[in-house]
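Let's take a walk through a protein model together.

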Amino acid sequence: MGCSLYLLISTTVDFDLSENNGEFKIRIDIDLQKQFQTIGGWGANSNFPSSKSNRDAARLIKGSKDYPRESGLRDRILDAAVLDLGLNKLLLGVNRFVEPDNDNSDSDKINMSAFEFSDLDHEIEEMILPFKKRVESRGEKMIFHLTYHDYRKSTPEWLKSPAEYAELAAAVIIHLREKYGFEPEYWGTINEPGPDNNWTPESVAECTIATGRRFKKEGIKSKIAGPDICNLRRISPFLDAYEQTEAKNYLGAATYHLYGSYNNINERIKIASFASKLGIPTSMTEWMLGKKLQIAEAIYYDLTIANSSEWNEYGLCWTNEDTKRAKIGGDFFLVNDEITDFELLPNGRYLKQFFARVRPGYKRIEATSSDTKIIKSTAFLSPEGKGVLILINSSSDEQLVRISGLPDSKYQVSYTSDSAHNAKLPGVESKKRFSFKVPSKSVVTFHAADSN
Ligand SMILES: [Ca+2]
Ligand SMILES: [Ca+2]
């Protein structure tokens with residue numbers, strides 16, 4: 001982009017609100033010295049749900065145990081996910097069929113022949129490895145996050161033993177290590193514990209301890225994540241159970257879902273404080289209910305209040321069967337009825353304002369808005385010191401804002417609203433400060449023009 005397209009609207013003359021003459025209402029002040037969490041990345045669930053249309057799509061896109069995949073659609077989806085949208089993380093559920101019955105009566109001795117890994121292997125070969133290759137082609141590291149799922153009201157007695165649970169977790173990871181040469185970054189203890197299943201704060205803490213000890217014994221480096229609570233409002237007893245036991249020594253990431261409370265502030269403060277005490281990152285690991293600008297506001301709260309290092313929508317690519325989700329997108333990509341093509345859903349476009357420019361290794365820095373009800377701001381620094389600023393205009397009016405403290409540079413600008421999808425705006429130059437008109441109900445991203 002030529003320099004002539006940049007609007008040089010900064011000034012080196014100091015001025016404050018009293019000298020503003022009503023020009024702007026809102027100040028955004030960036031402080032490069034106040035640094036917070038390091039970004040790990042952005043992700044989605046690799047699994048497809050088991051509805052008929054999704055089963056058909058899954059068979060075409062990634063094949064099944066019995067059928068090879070039939071088109072290049074998978075590769076196009078993975079290219080779009082990693083190279084365009086900027087995902088670098090996949091989550092995958094491990095269900096009870098991996099150890100359908102107890103392998104033997106000794107939790108210290110793994111009987112690998114009693115485990116059933118073929119579904120897991122298929123997902124690894126068709127989705128995880130090709131995704132990983134694309135992330136690595138960007139010079140970045142893939143984050144692979146396995147989580148155990150158990151929706152049963154009656155968890156079998158043998159699995160209620162923390163030592164048996166830990167053996168199951170260790171067996172899965174040893175299998176991956178031996179067959180594919182890598183371990184997941186995270187093992188999530190249990191997806192959405194209680195009240196609809198047998199998992200309690202105490203049992204999650206006990207299984208965290210047993211798994212932590214077992215991983216140490218087996219030389220497994222995967223970090224244990226939890227509690228992956230469904231509703232953030234119910235997280236406190238789980239955090240207390242970790243803190244009051246040895247589990248706090250083994251927890252590697254504090255994770256939560258956003259259902260029922262996307263704009264909750266108090267519990268986000270609690271989880272940030274808990275993770276800070278333990279010296280571990282926080283991660284929002286699932287949400288499918290956001291709607292356009294609301295999803296941008298949710299990730300803003302997660303990044304700035306909960307200090308989340310990672311953020312995940314629900315699915316990667318699903319079909320139109322669930323129209324409620326398909327209209328907006330609890331999943332990134334919607335696959336068409338013919339299963340020949342796909343599109344990035346509206347929520348994905350709002351999230352792309354964050355994902356495409358804020359990359360793993362970037363640090364969040366202070367970006368204070370003088371009126372967060374109207375303009376929400378968050379900013380990041382790359383390891384090379386390049387700045388990224390993201391503004392959310394929650395109001396129905398265009399807002400003229402004054403932005404101070406971004407590193408001096410030319411910035412490219414893009415935005416998403418109901419009518420604009422990752423659209424370019426004229427670039428700007430920051431010399432200490434500049435003014436900018438933020439379109440109504442939009443997310444605007446500024447990124448240093450000479451960074452990727
Ligand atoms: Ca066992
Ligand atoms: Ca055993």
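The protein chain has a mean pLDDT of 91, and 92% of its residues reach 70 or more. If that word is new to you, pLDDT is the predictor's confidence in each residue, from 0 to 100. Residues 1-19 are another story: the pLDDT there is below 50, and the stretch has 23 contacts in the model beyond near neighbours in sequence. Two residues are in contact if their C-beta atoms, placed from the backbone, lie within 7 Å. Where pLDDT is low, the predicted coordinates should not be read in detail.

Some housekeeping: this is a predicted model, where local features need pLDDT of at least 70, side-chain atom pairs count only at pLDDT 80 or more, and totals for chains, interfaces and linings use all residues. Residues are numbered from 1 along each chain as its sequence is written, while chains are lettered from A and ligands numbered from 1 in the order in which they are written.

**Two domains**

The domain assignment of the protein chain gives domain 1 (3-37 + 363-448) and domain 2 (40-355); such bounds come from an automatic or database domain assignment. The C-alpha centres of the two domains lie 33 Å apart. Where they meet, 16 residues of domain 1 are in contact with 15 residues of domain 2. On the domain 1 side, β1 (26-38), β13, β14, β16 and β19 each supply at least two of the touching residues. That side divides into four nonpolar, eight polar and four charged residues. Here Ala, Val, Leu, Ile, Met, Phe, Trp, Tyr, Cys and Pro count as nonpolar, Asp, Glu, Lys and Arg as charged, and the others, Gly among them, as polar.

**The sheet**

Now find the open sheet of nine strands, ordered β17-β16-β19-β14-β13-β12-β1-β15-β18, with mixed pairing. Helices (H or I, at least four residues) and strands (E, at least two) are DSSP runs, numbered from the N terminus. Two strands pair if DSSP finds at least two bridges between them. At the edges sit β17 (423-430) and β18 (433-438), each pairing on one side only. On average, neighbouring strands of this sheet are turned by 25° against each other, direction ignored.

| Strands | Sense and bridges | Facing residues |
|---|---|---|
| β16 and β19 | antiparallel, six bridges | glutamine 412 and histidine 447 |
| β1 and β15 | parallel, four bridges | isoleucine 28 and isoleucine 403 |

β16 and β17 also form a hairpin with six residues between them, and asparagine 422 in the turn has a positive phi of about 50°.

Which helices pack on the sheet? One is α8 (residues 293-304), which touches β12 (363-369), β13 (375-381), β14 (387-393) and β19 (442-448), with its direction at about 55° to that of β13. Another is α10 (residues 346-355), which touches β14, β16 (409-416) and β19, with its direction at about 165° to that of β16. Axes are lines fitted to C-alpha atoms, for helices over the stretch in contact, and angles run from 0 to 180 degrees between N-to-C directions.

**A pair of helices**

How do α1 and α2 cross? The axes of α1 (residues 52-62) and α2 (residues 73-85) come within 7 Å and cross at roughly 90°. That makes α1 roughly perpendicular to α2, a label used for angles of 65 to 115 degrees. Leu60, Ile61 and Lys62 in α1 meet Leu73, Arg74 and Ile77 in α2. By class, this contact has four nonpolar, no polar and two charged residues.

Most residues other than glycine have a negative phi, and most peptide bonds are trans. Glutamate 192 has a positive phi of about 50° although it is not a glycine, and it lies in the loop between β5 and α5. Proline 195 lies in that loop between β5 (186-188) and α5 (201-218) too, and the peptide bond from glycine 194 to proline 195 is cis, with omega near -10°. A cis peptide bond also joins glycine 226 and proline 227, with omega about 5°. Proline 227 is found in strand β6 (residues 223-229).

Terms used:
Angles under 35 degrees count as roughly parallel, over 145 as roughly antiparallel, 65 to 115 as roughly perpendicular and the rest as oblique.
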